[in-house]
Each structure stands twice: as structure tokens, then as C-alpha cells.
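Please keep the sequence and the 3D view side by side as you read.

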Amino acid sequence: KQWSVRAQQQLPHVLALNTRRTYNKMLQKFQKFCNLHGYNFPPTTSHIMADFLCEVADNSARPKSQLTVATSAISCMFDIIGGTNLAQDACIKKLTVALIKTQSIAPRIHTKVMPTNAFTDLFLSWPENDEISIKLLRIKTITLLALALMLRPSDIAPNAKLFRDGNFHSLEFTCDQLKFESDGTLTVWLHGIKNDATRDGFQVNIPPASIPKIDPIQTVRDYISSTESNRPASRPVFISLKKPFRAISAATIGQDLEAAIKLAGLEGQGFSAKSFRPTGATMAIQQGCNPDNVRSVGRWKCREVFEEHYVYPKVGHEFTDAIINNMES
């Protein structure tokens, strides 16, 4: 197409890095399948893709996510190389639905919600913020923010890239994205995160906690103050513990969250860094917070996704009696 080198370099970034990696792995599987069965790759007839999707479904108890990846990756490939897009074939779409219906052998299990009092008890047992190590203070800060803001690790350590001066640079979560308001609330701007495809970003606000020792706003203030002398010129909020000081990655954020789970005595119960987002949302709903406000702070654009995938309120103990004991004879 005679595109410039720069345009060629930037085009792949239409997809997030993790998405590209996932698609590449699936396309490698598709290529291997074609080679094994003596087909040209990429194939030109739908029966080859149909058989590949059947194989994908055979390898999963709940094949929906893998089938979605397969059809999306293959569709993306054909968009670039041209030719008939087999993933858009009407019968292929129907087959995908049929495979999901006939090969899902178990229902979706919601992500387990953590007992947040375990973290409250942990942090109340610690000394004041200026008396604990920077490592523990960072763990505490990230944990409290993850609960209050319903964060993914990559929300405060974005995987997004910026193109400047002919090179790609990692996008950082910086101190400029935090504003401590006069009324005690904290305004946070999140940019380049998972569901920020348009790069409009998200502005969210949280009020302070009533107990200063477990207040995420005071804790982040104390963390920034304690690490200020080591902060690089770009001013990332969360930085490494040793020289050369730099912004930490989403993987390190995840490690800190899993360290908090262990310190809180919740290790080995199926919790992970991914548990903080649904935990924060569920606890807010259970405590009577307005669902629309919770969805706004948690940055869910789609109400359906928010309600079906992230919020799992438990009914009260009176629920069954309220139904059974009030049934008319």
C-alpha cells in the first residue's frame, strides 16, 4: 500500500498490546492447524475455519471466550490482508453460537468477592504511615485505592503507548492525574486504560474515609510525600523501591495487591489482584450506594456488563421467609 514506515509502525496500536499478543497466539494455532491438515494458510474456504473452531471448542469447558478470540483474530487478519473474511461468514457466525450452546458444560462462576474487613483489620494493626516501610506503604496505598476506585492493576500502570519524536513511550500514571480538593475529596483522572479506546479518559471522585488510618486519600498523600525525593522528572505516582527509580508496571501493581491478600490472611482462597475490582463494586452496592454512581466511579460504560459480570449482591437472611411465609394459602 506504500505506507510510510511511521504509519506502518503505528497501525498495530489500533489494538492493545495484550490483545495483539492474544490474537497472535490464536493465529499461530490456526496456522498450525492448517499445516497439519495440508491446507494453505490463510484458508479461502469456510469449512477449514469451521473445523478449526470445532477444535477450539473441544479444548474448553466454556468455549465462548476462546471462540470470541478466534473469530476476532481471524477477522482482523482478513481485514488487513484482504480477501473473503471467513469470520464474517453467516454460517460461521451461527456455528460459533451452536458450539457455545452445545459445548459449555458448566455455568460461568463469578469472581469471588473478598471480605474487605480483612484489609481494614490489617491496616489498623499497622503503625502510622510515617512509621512503616515504603514497601508496605505502597502496598497499603495501592490496596485502598484498588478497593475505593475499583481498579485493575493496569489502571494505575497503563499498558498504553505514546508516539513521540519517532519513538514509542510507555504512558505513566502521574501525580498530575491526582487532585486533592479543598473539601477533602480526591479527583483522579485515568487515561489510556483498558476501556479508554478513544483516549478521552475518565474523571472520578472519591470522598475520604471516616477513619484516617484507612483513608485512601490520606494514605496516597503520605506515600507521595514519603517518595517525593526519589520521584523521576515525569512524576509517576507509584515508583520502584530501588534505583534507578521509575514507574512500576501493571505486573508489579498486581504483585503488591497479591501481597496484600497474603498479609490479610486471605491467601489460598482463590483471590487474586483481579478480585479487587468486583469486590469494591459489590461492597458498594451491598452498602446501599447508588448503582449508577458505583458504575460511574468504576468506569463501566455498559450497565449490562456491570450488573451481569461484576455485581453479585447477596440477598438478606430474611429473603426466603419473606417469600414463603407470605404466600397466600
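## Before we start

Helices and strands here are DSSP runs, numbered from the N terminus; a helix has at least four residues and a strand at least two. Please keep in mind that this is a predicted model.

Let us begin with the backbone. Most residues other than glycine have a negative phi, and most peptide bonds are trans. Met 150 sits in the loop between α7 (134–148) and β1 (161–164). Its phi is positive, about 55°, although Met 150 is not a glycine. Is Met 150 buried or exposed? With a relative accessibility of 4%, Met 150 counts as buried.

Arg 199 also has a positive phi, about 60°, without being a glycine. You will find Arg 199 in the loop between β4 (186–190) and β5 (202–206). Arg 199 has a relative accessibility of 39% and so counts as partly exposed.

## Two cis peptide bonds

Now turn to the prolines. The peptide bond from Phe 41 to Pro 42 is cis, with omega near 0°. Pro 42 belongs to the loop between α2 (17–36) and α3 (46–58).

Another cis peptide bond links Lys 243 to Pro 244, where omega is about -5°. Pro 244 lies in the loop between α8 (216–227) and α9 (250–263).

Which strand pairs with β1, and in what sense? The partner is β2 (residues 167–170), and the pairing is antiparallel, over four bridges. Within this pair, Leu 162 has His 169 in β2 as its bridge partner.

Helix α2 has 20 residues. From first C-alpha to last, α2 reaches 29 Å, close to the 28 Å expected at 1.5 Å a residue. Just after α2, Gly 38 takes a positive phi of about 75°.

Which residues of α2 are buried? They are Arg 20, Tyr 23, Met 26, Leu 27, Phe 30, Phe 33 and Cys 34. Seen down the axis of α2, these buried residues fall within an arc of 140°, so they line one face of the helix. An α-helix has 3.6 residues a turn, so residues three or four places apart point the same way. The cover over the buried residues of α2 includes α3 and α4 (64–81). On the face turned away from the buried side, α2 carries the exposed residues Lys 25, Gln 28, Lys 29, Lys 32, Asn 35 and Leu 36.

In soluble globular proteins, nonpolar side chains tend to be buried together. In this model, the largest nonpolar core has 56 residues, and Phe 119 and Phe 238 have the most contacts inside it. At least two residues of this core come from each of α6 (117–125), α7, β4, β5, α8, α9, α10 (276–286) and α11 (291–298). The helix that gives the most to this core is α7, with seven residues. A second, separate core has 24 residues, among them Cys 34, Val 56, Ala 57 and Ala 70.

What does Phe 119 touch, not counting residues up to four places away in sequence? Its contacts are Met 114, Thr 143, Leu 147, Ala 260, Ile 261, Ala 264, Leu 266 and Phe 276.

Conventions:
Residues numbered from 1 in each chain as written. Predicted model: local features only at pLDDT ≥ 70, side-chain atom pairs only at ≥ 80, totals over all residues. Heavy atoms only, no water. Buried < 20%, exposed > 50% of the residue type's maximum accessible area, 1.4 Å probe, protein only. Pairing = 2+ DSSP bridges. Core = buried A, V, L, I, M, F, W, Y, C linked by side-chain atoms within 4.5 Å. Contact = heavy atoms within 4.5 Å. Expected span 1.5 Å × (residues − 1). Arc of directions from axis to C-beta.
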